[in-house]
Amino acid sequence: MIEGGYTDIHMHVIPYADDGAEDFDDALAMLRMAYEEGIRNVIATPHSAGFDRWRNDIRKNYELLKEKAEDEPIGINLMLGSEIRIFPDEMGKIFKNIKKGKYPTLNGTNKLLAEFQPGERDFDDVAKCMHMLTDSGYVPIIAHAERYQFSVDQIYELKERGCLIQINYADVIPIGDHPMPKKANIMLRDKMVSFIATDAHRSTRRTPHIGVALKYLYNTYNDVYIDKIVRTEIME
Ligand SMILES: [Fe+2]
């Protein structure tokens, strides 16, 4: 295990916030699993739509989960963030919500986790939105960058314009010609990935297990680079 433990910047661990943790037992089970895997820092990132629906409850449930995890103690430093869904037509509302703190950035930094709509194809629209965010001093981290219809070169273009790239542990092991691991591995090979995260949703499915992926990463890529993306600079 890496000194200081791994940092996971993308986990749906707050109960009743989104399609993640089902209840507090499930959330605590996820955190215990993460601890067993060597993860020591977790940023809870509920989908932004959850904040539209249950804003106050999400914060309350985050605080309660943090308290329960500290009481046990599980040994995980839990922080708050969100996974902000980018709708090109709603950038005004999104900006307002980020500024008001309704859509939390990652642990109070200027970094935020941004996801595109599934099936989003209009690259110019997306690039414009990302540009608006970087222009306002934010550093958007593209959540699971391997999962979109965009090419690796288009993702790199966003990086050149000030975005960072996050990929999911679950997508790193090549499976035949599957496009997601293929893209993830090109981005790893090119050292373009800044963060690798679990995007865990439950203790029973999409779990925070990272052992097999870690073994693959260290066997395939440069140790110093992998150390960097599993630890991540979010804490610095
Ligand atoms: Fe997610």
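Predicted model: local features only at pLDDT ≥ 70, side-chain atom pairs only at ≥ 80, totals over all residues.
# Notebook: loops, sheets, core

I started at Tyr-16, which has 17 C-beta neighbours inside 10 Å and therefore counts as partly exposed. My cut-offs for that: buried means 20 or more other C-beta atoms within 10 Å of the residue's own, exposed means 12 or fewer, and partly exposed is in between, with C-beta atoms placed from the backbone. Residue numbers start from 1 along each chain as its sequence is written.

Tyr-16 sits in the loop between S1 and H1.

Asp-199 is another non-glycine residue with positive phi, near 50°. I found Asp-199 in the loop between strand S8 (195-197) and helix H7 (211-220). Asp-199 has 25 C-beta neighbours inside 10 Å, so I put it down as buried.

Then I checked for a cis peptide. One joins Glu-72 and Pro-73, with omega about -15°. Pro-73 belongs to the loop between helix H2 (48-71) and S3.

**Sheet with S1, S2 and S3**

Which strands make up the open sheet, and in what order? There are 3, ordered S1-S2-S3, and the pairing is parallel. I call two strands paired if DSSP finds at least two bridges between them. S1 and strand S3 (77-80) are the edge strands, each pairing on one side only. On average, neighbouring strands in this sheet are turned by 20° against each other, direction ignored. For that angle, axes are lines fitted to C-alpha atoms (for helices, over the stretch in contact), and values run from 0 to 180 degrees between N-to-C directions.

Next I went through the pairs. S1 meets strand S2 (residues 39-44) in the parallel sense over 4 bridges, and Met-11 has Ala-44 of S2 as its bridge partner. Between the two strands the chain passes through helix H1 (residues 24-36), and this β-α-β crossover is right-handed. Right-handed here means that, with the strands pointing away from the viewer, the path from the first strand over the helix to the second runs clockwise. S2 and S3 also run parallel, joined by 4 bridges, and Ile-43 stands opposite Met-79 in S3.

Why is S1 (residues 6-11) largely enclosed by the rest of the structure? Because 6 of its 6 residues are buried.

Strand S5 (residues 111-116) pairs with strand S6 (residues 139-142), parallel, over 4 bridges. Leu-113 faces Ile-141 in S6. With helix H4 (residues 123-135), S5 and S6 form a right-handed β-α-β unit. S6 pairs in turn with strand S7 (residues 164-168), parallel, over 2 bridges, and Ile-142 has Ile-165 of S7 as its bridge partner. From S6 the chain crosses through helix H5 (residues 152-160) to S7, and that β-α-β crossover is right-handed.

**Core**

The largest nonpolar core came out at 66 residues. By my rule, such a core is a set of buried Ala, Val, Leu, Ile, Met, Phe, Trp, Tyr and Cys residues joined through C-beta atoms within 7 Å. The residues with the most contacts inside it are Val-13, Ile-14, Val-42, Ala-44 and Ile-142. H2 supplies the largest share of this core, 5 residues.

I listed what Ile-14 touches, counting a contact when C-beta atoms placed from the backbone lie within 7 Å. Beyond its neighbours within four places in sequence, the partners of Ile-14 include Ala-44, Pro-46, Ile-58 and Leu-65.

**Whole chain**

I count 8 helices and 8 strands in the protein. The radius of gyration is 17 Å, close to the 18 Å from the globule rule for 236 residues, so the protein is as compact as a globular protein of that length. That radius is taken over C-alpha atoms, and the rule is 2.2 Å times the number of residues to the power 0.38. The C-alpha trace spans about 45 × 45 × 30 Å along its principal axes. Buried residues are 44% of the 236. Of the contacts between residues at least 6 apart in sequence, 74% join residues at least 24 apart.

Conventions: Contact = placed C-beta atoms within 7 Å.
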